[in-house]
Amino acid sequence: MQAKPIHKPWQLLFRVYRYILPLLEQEFAYWYERAKEIPNRELRKQAIASMDSKKFHCQGGSVYASQVISYKETLVKLIVAYQTISDYLDNLCDRSTSLDPIDFRQLHYSMQDALTPDAPLRDYYEFREEKDDGGFLTGLVLRCQEMIQKLPSYKDVQQHILNLSTLYSDLQVYKHIAQEKREEALLTWWDQHKESYPEIEWQEFAAATGSTVGIFALFCLATEPVVDQKEIEALHHAYFPWIG
């Protein structure tokens, strides 16, 4: 049975503080301890730094789970794991030791694998010097794979989610390469998509792709036993690019 609709702000706040935040703190603490155990010094530094400075991403994302209290544990675990991957990889691309787009792309394959049930794990660190994270990144991927299989209608929203995830990864690759190459790469990327989004500029497109909230909204929709394709399309188009 799905949760009743929320009609008043205090109902949402009650749900968040009573049901969601305790689960968030528990799950975040688990992955924080895992981050502290990463053998490689640089990877450990970036994992901890990302969680120290970007916890609010997990907090904000987990609010989505308040829509469906019956799936709160599944959604919180899924959102925290996926957002932690996002924040960790952002640090590895932005603040770490590489400017290699091939490295960035290989790292970000983990985000699509996390959204694909039974996808085989890869060597996500194949093209960077630092490799030994003690299973931190693959653990996050496996957590996501485990949770999405508990969403009844995930197969119906999966392609939309993967599309958003791939756009997010594209952005992370292009915006983190050598500074003198970034704008050209972003504009070339925009050329591939601009006909689909005539109402916005390339900077707005790039900004919209950098959001994960559309993915979280689709996670929540996938808790429904049956989802109409028109509803999926409407939600997708509301979040991308506008809400994103």
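What follows is one connected answer, starting with a pair of helices.

Mentor: This is a predicted model, in which local features need pLDDT of at least 70 and side-chain atom pairs count only at pLDDT 80 or more, while totals for chains, interfaces and linings use all residues. Residues are numbered from 1 along each chain as its sequence is written, and side-chain values use heavy atoms, with hydrogens and water left out.

Two packed helices are described by the angle between their axes and the distance between the axes. Helix α3, residues 72-94, packs with helix α5, residues 136-148, at an angle of about 145 degrees, and their axes are 9 Å apart. Here axes are lines fitted to C-alpha atoms, for helices over the stretch in contact, and angles run from 0 to 180 degrees between N-to-C directions; helices are DSSP runs (H or I, at least four residues), numbered from the N terminus. The crossing of α3 past α5 is left-handed, a term used if the near helix is turned anticlockwise from the far one by less than a right angle.

On the α3 side, the residues that meet α5 include L78, A81, Y82, I85 and L89, and their partners in α5 include F136, L140, V141, C144 and M147, where contact means heavy atoms within 4.5 Å. The residues of this contact of α3 with α5 divide into 13 nonpolar, two polar and two charged. Ala, Val, Leu, Ile, Met, Phe, Trp, Tyr, Cys and Pro count as nonpolar, Asp, Glu, Lys and Arg as charged, and the others, Gly among them, as polar.

In the loop between α4 and α5 lies D118, whose phi is near 70 degrees, a positive value in a residue other than glycine. A polar atom of the Q106 side chain lies 3.0 Å from the backbone oxygen of D123; not counting residues up to four places away in sequence, Q106 touches R122, D123, Y124, E126 and F127.

One further detail concerns P241, which lies in helix α10 (residues 229-243): the peptide bond from F240 to P241 is cis, with omega near 10 degrees.

Methods. Helix = DSSP H or I, 4+ residues; strand = E, 2+ residues; numbered from the N terminus. Polar contact = N/O pair within 3.5 Å; in protein donor to acceptor, adjacent residues only side chain to side chain.
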